[in-house]
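Thanks for making the time this morning. I would like to walk through one model, taking its helix contacts and its strands in turn.

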Amino acid sequence: MAWAHPMVFDPLFLCRAVSLCSNHVMCPAWLFLWLFLLFAGLWARVCAHGLLAWRMMAKSNGLHSSPANCHPCAPTQAREDGDTEGTGLSTRRTCSTQDDASSELRRAGPPDGGEQPAAPTFQGRRALARIVRLVLVLRDWANKSLHEEQQRPDPFLERFQGPELQTVAAGAGNDLEDEETEEENKKKKWQIFVVDPAGDWYYRWLAVIAVPVLYNWCLLVARACFNDLQKTYVVLWLVLDYISDSVYIGDVVIRLRTGFLEQGLLVKDLKKLRDNYIHTLQFKLDVISILPTDLAYFAVGLHCPELRFNRLLHFSRMFEFFDRTETRTSHPNIFRISNLVLYILVIIHWNACIYYAISKAIGFGADTWVYPNITDPEYGYLTREYIYCLYWSTLTLTTIGETPPPVRDEEYLFVIFDFLIGVLIFATIVGNVGSMISKMNATRAEFQAKVDAIKHYMQFRKVSKDMETKVIKWFDYLWTNKKAVDEREVLKNLPDKLRAEIAINVHLETLKKVRIFQDCEAGLLVELVLKLRPQVFSPGDYICRKGDIGKEMYIIKEGKLAVVADDGMTQYALLTAGGCFGEISILNIKGSKMGNRRTANIRSLGYSDLFCLSKEDLMEAVTEYPDAKKVLEERGREILIKEGLLDESAAEASTEGISMEEKLDRLALNLNTLHTRFGRLLTEYNDAQMKLKQRIAVLESKMRQHDLEDFFSDSSDSLLEDEEKDLPGEMQ
């Protein structure tokens, strides 16, 4: 039918629309708009069905359509009926809608064809067509708006996170270029398909592969032990077996293309990925698990599921899925308990199957310990067989007992083995459950210990009942509103960058309202956010009093504060979430008549959640950001001028003082520069002097060596002369 667009009633479209609306928690008007569109479309369809029913009723009363009335709709008539170009619908759709409506209405007209009662019918048809078009236009507009709202990043976060989001947002508008490059990217992705082990796609695949692994671990052993289970549903088992085999083969392919990190980067080289997987023990187990051992069905028949026991070697994927789920879930303790219960149930299930197999090997009803004879109708059907064995296994492994005593030696050995396993299971249950419960209550126990210590102190110091009640109510407020956790203690192991991002995302709505954060740099925002300390004030508490020494400034996260007179009752102004105060007394503004003292009394009307920023932390943060410091000082001067607490002459003198301070700073900087250069020259001089000393030492050693050579040569010459003189004397 043309009365309602099929997309209005498409369930997938509606689910997607509702999911988009659910993301806009801060704007519930979207949800109401979609509900309106839904009900309007349903109303249009109901009216259309009613109109068709009326036409059929008219036919049954002998009314026939008149050929004279069945004329096509003209564009001029469509414009007269209120069709405008701004509806966003094509002329073809509008004309087809009117053709269908006019043909149905006119076929229901009287046989004489010249009477006027059809005019109200045409008016109803035109009004209904307008409503349908309006619903479609509103639906398209809402869908487009929701899509844009979902993709539009928050400007505050966009400015903090840097140019990455801006690049993404700028590239999102190039639809034509994206369409051209999408095909090329798809081809490249298919050619180089690498799975990121830290991504969501990999986790979803682990969930898929865990299902056939758990299926094999639970049902293969049951089918091997209970013959009736295997023979009754043999076709179902064949289908499920080969579906699980297909998933196993797909998992091997995925493993061959699963990336790993090398020096912090994801490796995408297919050869490296293949070598990294093939040389592991898991690859050998995976290959064994997909060997087609069930080809032996052709020799032994279909009722031997024991041939598929090699599929159990793929168990590592299920454990990997459990590990990743435990790290991803928001309720890890509940998941651990559920996981432990699953393991225990699988062990009990296997033990029940083994008990039935042992009974079958010994003989049903051979003694009092084995399963009763299956020829007895009470014990001869599949449900009773499994439930009886499961009951026996549960009693044995939980060490409850009350089972028939064993008779044969092999029965004794099996029961002893079961008791040992049961003791381990019982110890595991007690230990794990006790540890989980203690961890679940750790926060409450720690908080309660603090409350008890303070109660004991107040009783020991005999604090008044009113003050004791106030303190207890303050602790109750912290616990009820989930503000008892020390954020710094929880996030201390994270780097500063992640801590700042978490703090900004958690307190985004508050920080966006703070004026000093609107135009500040991202680095300063990180510095300030990391130094904020949460504080909670009770009703009636004074955050600051006029004349007190200012040591910190405050940012309001939740609650309402009042600027009151000295009597504490007269209210001058009201401060709400996002406001900040106290910066005047910690900025040391020159010319302020109050100096570093508070200029007003501020009192909490109810429970107020504030962020505190100390003077030392603020000065340390704005030292490297002089522009932000100037903005804070200008704002403080405006407030002081408004309240008449600024001395203009002192402010002018402070300006000169500031210029002198700047000169001193420059002089100090120049001195530092000269000191650095002088140090460099001194180092060069020392190096040159050292080299000169080394050269002199070398020359001195050469001179000594030369002198020694001359000395030895002179002495040898003198000896030769003496010998020559002695020889002639001897000859004579």
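At what angle do helix α24 and helix α26 pack, and how far apart are their axes? Before I answer, please keep in mind that this is a predicted model, in which local features need pLDDT of at least 70 and side-chain atom pairs count only at pLDDT 80 or more, while totals for chains, interfaces and linings use all residues. Residues are numbered from 1 along each chain as its sequence is written, and side-chain values use heavy atoms, with hydrogens and water left out.

Now the answer: α24 (residues 522–531) and α26 (residues 615–622) pack at about 165°, with their axes 9 Å apart. Helices here are DSSP runs of H or I with at least four residues, strands are runs of E with at least two, and both are numbered from the N terminus. The axes are lines fitted to C-alpha atoms, for helices over the stretch in contact, and angles run from 0 to 180 degrees between N-to-C directions. The two helices are therefore roughly antiparallel to each other, on a scale where angles under 35 degrees count as roughly parallel, over 145 as roughly antiparallel, 65 to 115 as roughly perpendicular and the rest as oblique. Leu 524, Glu 527, Leu 528 and Lys 531 in α24 meet Asp 617, Leu 618, Glu 620, Ala 621 and Val 622 in α26, where contact means heavy atoms within 4.5 Å. By class, that contact has 5 nonpolar, no polar and 4 charged residues, with Ala, Val, Leu, Ile, Met, Phe, Trp, Tyr, Cys and Pro counted as nonpolar, Asp, Glu, Lys and Arg as charged, and the others, Gly among them, as polar.

Let me turn to α9 and α11. The axes of α9 (residues 200–225) and α11 come within 10 Å and cross at roughly 140°, and the pair is therefore oblique. Among the α9 residues in this contact are Trp 201, Trp 205 and Arg 223, and the α11 side includes Trp 237, Tyr 248 and Asp 251. The contact divides into 13 nonpolar, 3 polar and 3 charged residues.

Asp 251 also meets Arg 255 in a salt bridge, at 3.7 Å from N to O, the term meaning a side-chain nitrogen of Lys or Arg within 4 Å of a carboxyl oxygen of Asp or Glu. Because these two residues lie 4 apart in α11 (residues 234–256), about one helical turn separates them. Across the whole structure, the search finds 24 salt bridges.

Next, the strands, which pair if DSSP finds at least two bridges between them. An open sheet of 4 strands has the order β3-β10-β5-β8, with antiparallel pairing, and its edge strands, each pairing on one side only, are β3 (533–537) and β8 (580–581). Within that sheet, 6 bridges join β5 (residues 552–558) to β10 (residues 608–614), and Ile 555 has Phe 611 as its bridge partner in β10.

Elsewhere, β6 (residues 561–564) runs antiparallel to β7 (residues 571–575), with 4 bridges between them, and 4 bridges also join β6 to β9 in an antiparallel arrangement. Leu 561 accordingly stands opposite Leu 575 in β7 and opposite Ser 604 in β9. The hairpin of β6 and β7 has 6 residues between its strands, and there Gly 568 takes a positive phi near 80°.
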